[in-house]
Amino acid sequence: MPVDDSILGCSVRGASHIRHGTPMEDYSAVERFWRSGVRSSVPTAPVRREADEPDALLMAVSDGHGDPRCMRSRLGSEMAVKTALCAMRDFLESLEANEIPAFLDDPQERIDRIAAQIAQDWRHLALCDLD
């Protein structure tokens with residue numbers, strides 16, 4: 001089943017950031033996913049034939065902390081998005097074709113596990129960055 005990968009995104013530096021001369025801290029990314037293991041990031045992905053459409057489009061967005069005392073907020077947002085994309089890829093790679101209908105019928109338990117994995121991995125990356 002082809003996946004429509006027409007995506008439009010926008011981030012805007014907020015009024016408070018402009019007033020205080022601070023950078024935007026948000027981060028987002030979109031990634032094409034193929035179960036075959038071939039992955040590429042949008043928009044730098046090579047153009048592919050329609051017959052080779054990705055199995056899914058993965059998207060992640062993180063809002064920066066916004067506290068002037070948190071000087072690594074932008075980096076934290078980026079780590080959160082990259083961690084989320086990795087967790088989603090791992091989940092999709094582990095999902096057997098016969099498990100997809102059950103996941104779609106009752107996704108909450110798996111979503112909770114993915115969320116817990118994202119939080120654990122993000123904490124690990126954040127602590128490593130402090131060292």
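The legends below describe close-up views of a predicted model.

Residues are numbered from 1 along each chain as its sequence is written, and side-chain values use heavy atoms, with hydrogens and water left out. Because the model is predicted, local features need pLDDT of at least 70 and side-chain atom pairs count only at pLDDT 80 or more, whereas totals for chains, interfaces and linings use all residues.

**View 1. Overall fold of the protein chain.** The secondary structure comes to 4 helices and 3 strands, where helices (H or I, at least four residues) and strands (E, at least two) are DSSP runs numbered from the N terminus. Along the sequence the pattern reads α-β-β-β-α-α-α. Of the 131 residues in the protein chain, 27% are buried, a term that stands for under 20% relative accessible area, with exposed meaning over 50% and partly exposed in between (1.4 Å probe, protein chains only).

**View 2. The largest nonpolar core.** This core has 14 residues, and those with the most contacts inside it are Leu58, Phe91 and Leu92; a nonpolar core is a set of buried Ala, Val, Leu, Ile, Met, Phe, Trp, Tyr and Cys residues joined through side-chain atoms within 4.5 Å. Two or more residues come from each of strand E1 (27–33), strand E3 (56–62) and helix H2 (73–94), and H2 gives the most, with 6 residues.

**View 3. Packing of H2 against H4.** The two helices pack at an angle of about 135°, with their axes 9 Å apart; axes are lines fitted to C-alpha atoms, for helices over the stretch in contact, and angles run from 0 to 180 degrees between N-to-C directions. H2 is therefore oblique to H4, since angles under 35 degrees count as roughly parallel, over 145 as roughly antiparallel, 65 to 115 as roughly perpendicular and the rest as oblique. Residues making the contact (heavy atoms within 4.5 Å) include Met79, Thr83 and Phe91 of H2 and Ile114, Trp122 and Asp129 of H4.

View 4. Leaving aside residues up to four places away in sequence, Phe91 touches Phe103, Arg110 and Ile114. Both Arg110 and Ile114 are buried in H4, as is Ala126. The 23 residues of H4 (residues 108–130) should span 33 Å at 1.5 Å a residue, and the end C-alpha atoms are 33 Å apart, which agrees; the expected span is 1.5 Å times one less than the number of residues.

**View 5. Ser16 in helix H1.** Ser16 lies in H1 (residues 15–20) and is partly exposed, with a relative accessible area of 36%. Its C-alpha atom is separated by 9.2 Å from that of Gly66, 50 residues apart along the chain.
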